[in-house]
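I opened this notebook to record what I looked up in the structure. The entries below follow the order in which I took up each topic.

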Amino acid sequence: MQNLSRMTLTTAMDNATSLHGIPRSSTQPLAIYVHIPFCIQKCGYCDFNAYLYREGLARAYLVALRQEILHTAAGQPWTEYVVSSVYFGGGTPSTLAPADLIALLSLIRQTFPVTTRAEITVEADPGTIELSGLEQLCAGGFNRISIGVQAFDDGLLKNLDRLHAAADARRALTWARRVGFLDLNLDLMFGVPGQTLAVWEANLHEAIAFTPTHLAVYGLTIEERTPFAQRQRRGQLVLPDEEGQVAMFERADQLLTAAGYVHYEISNYALPGWRSQHNQHYWHHGEYLGFGAGAHAYLHGWRWENERLPSRYIRAIAERGTAARDPECIDRHHLIHEGLMLGLRLREGIDVGAFASQYGVDLQTLFAVPIVELTQAGYVQLVDGRLRLTTRGWLVADAVLGRFLAAEAQEDSERRHIARHLPGAHLAS
């Protein structure tokens, strides 16, 4: 496994200031992600990089996080960047003491150029946060909170292996507003075992009543190597059928839109002016740093991830100041892929002209066949120079995106076939 040393990273960045011919402005926006991998209990559907909380391990982890932040900050001058968002995710960041989270945020502010208007988010589980903790987080510099409600129904929460009760969620949301969190995200999940459309509607109405600025509405996905996948194989996990899940997706869109929320990304809704800056930075291919076990970073065309296991992460930081591994240079081909995949997740879709200027390709030429096919089928539309998914396309987004990838794979195969049969091709080394 290849490690990414400070020298390797610095050299890569020095050699890639204008990677792939994409121009860079004098000041670049930068996002920072901090991963807290601990949970009191790991839910059966979760395949995130999360582990059961142990106090001794958490203490050592905090020390390693501080070392990694300082090491990275010293690796290069950051004057060409402005940090527009910082996001503490997990796992469950609220398993740690608020004072520890605030200390990490303070260190980031001291070592990186975080703007005064930066969006600073912390994720919290309703069962691991108290009023005093919320007060400390708000006073300590966090201006956005994301609360993992998932459901306002105790039976559904039990089916999801969540430890908190619906009353805990209601209390946490009320407290968050009371202490001064204006920017509040609420996570809800549909397609849950035992969930009906009527119950889902009731959950949506209750969520709207709390007037969050943002909602993340996810369909339950059964990931391999999770307890839910095992239960499903044994016939112990019965989900709403596909028709039922589609109805839930559509009902969420109807109710939330009627309540004034903008459905700006497949799973995300926001009141006007309250879209997630951090997520939008990712979706628009912005650069970011990631601190903590399993965190990813993307800078100057290079992407890497940290050691995933907390114990390995801690050991790597102690030994060399970084836990980065498997650096990958993201070539133009991958940039185009990712730009297409990320752009189509957004309600406004892709500005075809801007895409051509940024990546040097014409989508209407490169993907002419799937665009025609998917337009005729009602899954995408090309209007006013923007390529975007229709509402019908959002329901089968993965399949639609797969069709674009399949078309490009076929194009690559044909190009290689032609190249092999060109005169003199056998002479190529």
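**Salt bridges**

I began with Glu305, which forms a salt bridge with Arg325, their closest N and O atoms being 3.4 Å apart. I took a salt bridge to be a side-chain nitrogen of Lys or Arg within 4 Å of a carboxyl oxygen of Asp or Glu. Glu305 lies in strand S13 (residues 302-306) and Arg325 in strand S14 (residues 324-329), so the pair ties together parts 20 residues apart in sequence. Helices (H or I, at least four residues) and strands (E, at least two) are DSSP runs, numbered from the N terminus.

I noted the basis of these entries: the model is predicted, local features need pLDDT of at least 70, side-chain atom pairs count only at pLDDT 80 or more, and totals for chains, interfaces and linings use all residues. Residues are numbered from 1 along each chain as its sequence is written, and side-chain values use heavy atoms, with hydrogens and water left out.

Are Glu305 and Arg325 buried or exposed? I found Glu305 buried at 17% relative accessibility, and Arg325 buried at 11%. Buried means under 20% relative accessible area, exposed over 50%, and partly exposed in between (1.4 Å probe, protein chains only). Salt bridges that share partners join Glu305, Glu307, Arg325 and Asp326 into one network.

I turned next to Glu206, which forms a salt bridge with Arg170, the closest N and O atoms lying 2.4 Å apart. This pair links distant parts of the chain, with Glu206 in helix H7 (residues 197-209) and Arg170 in helix H6, 36 residues apart. Glu206 is partly exposed at 22% relative accessibility, and Arg170 is partly exposed at 30%.

Within helix H6 (residues 166-179), I looked up Asp168 and Arg171, which are three residues apart and therefore separated by about one helical turn. Their salt bridge has its closest N and O atoms 2.5 Å apart. Asp168 is buried at 18% relative accessible area, whereas Arg171 is partly exposed at 37%.

How many salt bridges does the rule give? I recorded a count of 17.

**Helix packing**

I then examined helix H2 (residues 55-74) and helix H3 (residues 98-111), which pack at an angle of about 10 degrees with their axes 10 Å apart. Helix H2 is therefore roughly parallel to H3, a term for angles under 35 degrees. Residues in the contact (heavy atoms within 4.5 Å) include Leu62, Ile69 and Ala73 of H2 and Ala103, Leu107 and Thr111 of H3.

Technical notes. Axes are lines fitted to C-alpha atoms, for helices over the stretch in contact, and angles run from 0 to 180 degrees between N-to-C directions. Angles under 35 degrees count as roughly parallel, over 145 as roughly antiparallel, 65 to 115 as roughly perpendicular and the rest as oblique.
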